Amino acid sequence: MVIWKEKSFEKERIAPRMLESLIGMYHRHQKYMVLFIAVCLCGWFLTPYIHIFLGLKLGLIVGWFNYWLLMRRTQSMTRALAENRSFYGMGMPFRMGSVLFATIIATQLPEFFHVYSMVIGLGLAYAIIFLDFFVYSMYRRKKFLKREG
């Protein structure tokens with residue numbers, strides 16, 4: 001029984017730190033996505049390729065919504081594991097449904113939304129996450145090596 005209490009105490013210590021780092025990472029990604037949406041807005045207003053930039057913006061917004069859903073489910077899963085509760089799935093049907101909804105919008109309104117740029121916008125949200133992970137890990141590695149010697 002004592003071993004179980006030590007493990008739950010360890011989980012209670014680790015879970016808040018994990019949530020803080022996840023929330024900080026999400027806020028960093030949020031800034032990049034807002035920047036890309038602003039670029040899409042500038043392209044929409046300043047270039048004749050309106051439907052391409054609207055498709056990119058639609059894809060980015062749906063990708064951001066999917067990322068928000070995934071982050072929210074990850075936070076609830078982390079809390080549930082720290083409190084030894086069960087948790088439900090990660091919300092894949094909702095995320096697939098939002099992508100399907102965006103695809104229906106883009107195919108039904110081709111004069112406003114470019115379908116291929118919408119798909120690129122969906123992938124751009126995950127590319128932002130991947131590039132931020134790569135850059136931030138290089139930054140942390142450089143900071144660690146500088147501290148070591």
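Asn84 sits in the loop between H2 and H3, where helices (H or I, at least four residues) and strands (E, at least two) are DSSP runs numbered from the N terminus. Asn84 is not a glycine, yet its phi is positive, at about 55°. For background, most residues other than glycine have a negative phi. Asn84 is also partly exposed, with a relative accessible area of 37%; here buried means under 20% relative accessible area, exposed over 50%, and partly exposed in between, using a 1.4 Å probe and protein chains only.

A word on the model itself: it is predicted, so local features need pLDDT of at least 70 and side-chain atom pairs count only at pLDDT 80 or more, while totals for chains, interfaces and linings use all residues. Residues are numbered from 1 along each chain as its sequence is written, and side-chain values use heavy atoms, with hydrogens and water left out.

Stepping back, the protein chain has four helices and zero strands, so reading along the sequence gives α-α-α-α. Of its 149 residues, 30% are buried.

On either side of the Asn84 loop, H2 and H3 pack together at an angle of about 170°, with their axes 10 Å apart. Axes are lines fitted to C-alpha atoms, for helices over the stretch in contact, and angles run from 0 to 180 degrees between N-to-C directions. That makes H2 roughly antiparallel to H3, the word for angles over 145 degrees. The residues touching each other, with contact meaning heavy atoms within 4.5 Å, are these:

| Helix | Range | Residues in the contact |
|---|---|---|
| H2 | residues 50–82 | Leu58, Val62, Phe65, Asn66, Leu69, Leu70, Arg73 |
| H3 | residues 92–108 | Phe94, Arg95, Ser98, Val99, Ala102, Ile105 |

Sorted by kind, the residues of this contact are nine nonpolar, two polar and two charged. Ala, Val, Leu, Ile, Met, Phe, Trp, Tyr, Cys and Pro count as nonpolar, Asp, Glu, Lys and Arg as charged, and the others, Gly among them, as polar.

H4's buried residues are Ser117, Met118, Gly121, Leu122, Ala125, Ile128, Ile129 and Asp132. Take Ser117: its relative accessibility is 5%, which is why it counts as buried. Leaving aside neighbours within four places in sequence, Ser117 is in contact with His51, Ile52, Gly55 and Leu56.

Notes
Angles under 35 degrees count as roughly parallel, over 145 as roughly antiparallel, 65 to 115 as roughly perpendicular and the rest as oblique.
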